[in-house]
Amino acid sequence: MSSRALSTRFLARPEVGALVAAVVIFLFFLIVAPAFRTPQSLFTVLYQASTIGIVAVGVGLLMIGGEFDLSAGVMVTTAGLVASQFCWWFGVNLWIGALLSLAFCLGVGFLNGWLVMRTGIPSFLITLGTFFVLQGANLGVTKLVTGSVTSPDISQIAGWDSLGAVFSSSFRAGDSTIWITVFWWVLFVALAAWILTRTRTGNWVYAVGGAPDSARAVGVPVVRTKIGLFMAVSFLAWFAGMHTLFRFNTLQAGNGVGNEFLYIIAAVVGGTLLTGGFGNAAGVAIGAFIFGMTSLGIVYAGWDPNWFKAFLGVMLLLAVLVNLYVKRVATSRRSSDDL
Amino acid sequence: MNATRTRGVRLLALATVVALGVTACSGGGREKTDESDSGGGNAPGASGYTIAFVTHETPGDAFWDKVKAGAEQAAKDEGVILKYSNDPDAGKQAQLIQSAVDSKVSGIATTLVTPDALAGSVKAATAAKIPVVGLNAGIEQYKQLGALMYFGSDDTVAGESAGERIAAAGAKHPLCVIHQQGSVSLEARCAGVKGKVPGTENIQVNGADDAAVTSTIQAKLAQDKTIDYVITLNSQVALDTIKAQEQASSTAKVATFDLDAQVAQQVQDGKIEFSIDQQPYAQGYLAVSSLYLYLKNGNDIGGGRAVLTGPSFVDKANIATILPFVKNNTR
């Protein structure tokens, strides 16, 4: 009886469905794609997953808290553009630009949260607005500052090397390159997991997402928690933006559009409920890993690239279905246990 | 609520303090020169002509910046009032042409990327006796639509000449990177390459995400070690490819369509073999100038044929001449 209860409790965890899907997809590509079987490939997949996963952790937390952020994708580009152009225009140390950009992103996150809480308009609409504003401003400001739509070369400005070490360094282990973003990703996931499970703030996040009115009634600071979550997303978007900037040096002002959905997909595949109140950090991380694995696995398998998006869609649907199935099995067992 | 606000204020204050603290200026930024304009020109509208310039530009593409810069310079040089508008959606572009007709401009320059969708509006223009010239796309159809002249490159020809060039260098299995799904002109370029090197393989990447482009190409290079050339179709993807190639320790050579300052630098450094330039600045400049000459003097440019602005190869041999123009954002 107790072992059964244990397995039920295990199956009811949000990340289990995603974990099963990840293992299935992993084995699938091991079989069909010989090039997938090397450690180099695994680390390339982990890198790809980390660039999506870092922001997805924040987006996952926010979704558990019952809100969306559609501005997260372009904010990554905004973060890079603010830092790069400020420093280029004024010729100052890049650390100043990076901190300024951080303040700016946190400001946008705060504004998102504050507007949602103040007006009661769904976050879907508010952040859709921010999304368009940032997208337009990225282009408009870049054009004004540099006269083109690509940000300038900043690799000769002071601070480039030290910032590069923090955000976009890599080292070689054998034949594989391991990027620092993978470690940052793991760290952010661990931190999010700790906050969600071990702290009072974590309880608040679940409470404001699951039942905001009851949460407010029992004294949970709903407004503060939600604004904090929006700011967490913008912090992680800033972080991903810094990585992109210091790895690629020049940014195209139109980039980042569409990635907001990848973050949401990673969270949903990882077992986060779209309606809030349910999910966890490990699930979101596995969701991002599934995305990285699928998008590159298709390439490692050498399949016709025109079908790329179709393959991706099928894989993601399968992941969601497995997820749903596992959850259903778990809940039906739980109810039979109750009898 | 208050706590968050105070914390935010404190953070901003901290950033400001840090900014003020590190006052030492750093090199490598903007070169502070007098912002002298490219000079001269007539007063806007001195010639009395108004030219509408309609493109299918998706906002944020560096390429169209140069087309626009060329058109603006021509308008300035010839005292023409330029009305630039753009929409990537075929139906909306047709409306833009229609509204130019309705406002009775002196001439229309437009890209003809979706000839069927634009045919109606172009007919309306010719019916209203407004001269139309085509640019950038539509080389096959411009005459049939009733456009007088055409300035642009032929994507298939450009792809073929790139293919010829790498075939001569011994390419057997090049990879052609398509960064936008379902784009006719990008597919045509890769098809042109394939026409000359049958072993050409296409790959699809998400052009809006540099990290994804890099890891996808890296994965492809790891999957297939026989790839000896990578042909990219815009400059940012070319730069991403160099990163991917370093990671995958691949010896494949890189060649790209389009040109910008970073690509020019890489050509000079030998990381990129060559760039195939279709000279967007010239497309914009010539489209406006040809209308000006037609209106002013009845001239017909091109002898009844399309005027090709490309493919023009930029490689180690001529990069020294071209680099200053690239830095000026006109080439």
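Reader: How much of chain B counts as buried?
Author: Of its 331 residues, 52% are buried, meaning 20 or more other C-beta atoms, placed from the backbone, lie within 10 Å of a residue's own. This is a predicted model, where local features need pLDDT of at least 70, side-chain atom pairs count only at pLDDT 80 or more, and totals for chains, interfaces and linings use all residues. Residues are numbered from 1 along each chain as its sequence is written, with chains lettered from A and ligands numbered from 1 in the order in which they are written.

Reader: And how many helices and strands does chain B have?
Author: Chain B has 12 helices and 12 strands, which are DSSP runs numbered from the N terminus (helices: H or I, at least four residues; strands: E, at least two).

Reader: At what angle do helix 2 and helix 11 of chain B pack?
Author: About 35 degrees, with the axes 6 Å apart. Axes are lines fitted to C-alpha atoms over the stretch in contact, and angles run from 0 to 180 degrees between N-to-C directions.

Reader: Which residues meet there?
Author: Among them are Phe63(B) and Ala74(B) in helix 2 of chain B, and Tyr281(B) and Val288(B) in helix 11 of chain B. Contact means C-beta atoms, placed from the backbone, within 7 Å.

Reader: New topic: how many residues does each chain put into the contact between A and B?
Author: Chain A gives 55 residues and chain B gives 43.

Reader: What comes after helix 5 of chain A?
Author: Gly120(A) follows that helix, with a positive phi near 75 degrees. Helix 5 of chain A itself covers residues 94-119 and has 26 residues.

Note on methods. The expected span of a helix is 1.5 Å times one less than its number of residues. A residue is buried if 20 or more other C-beta atoms lie within 10 Å of its own, exposed if 12 or fewer, and partly exposed in between; C-beta atoms are placed from the backbone. Two residues are in contact if their C-beta atoms, placed from the backbone, lie within 7 Å.
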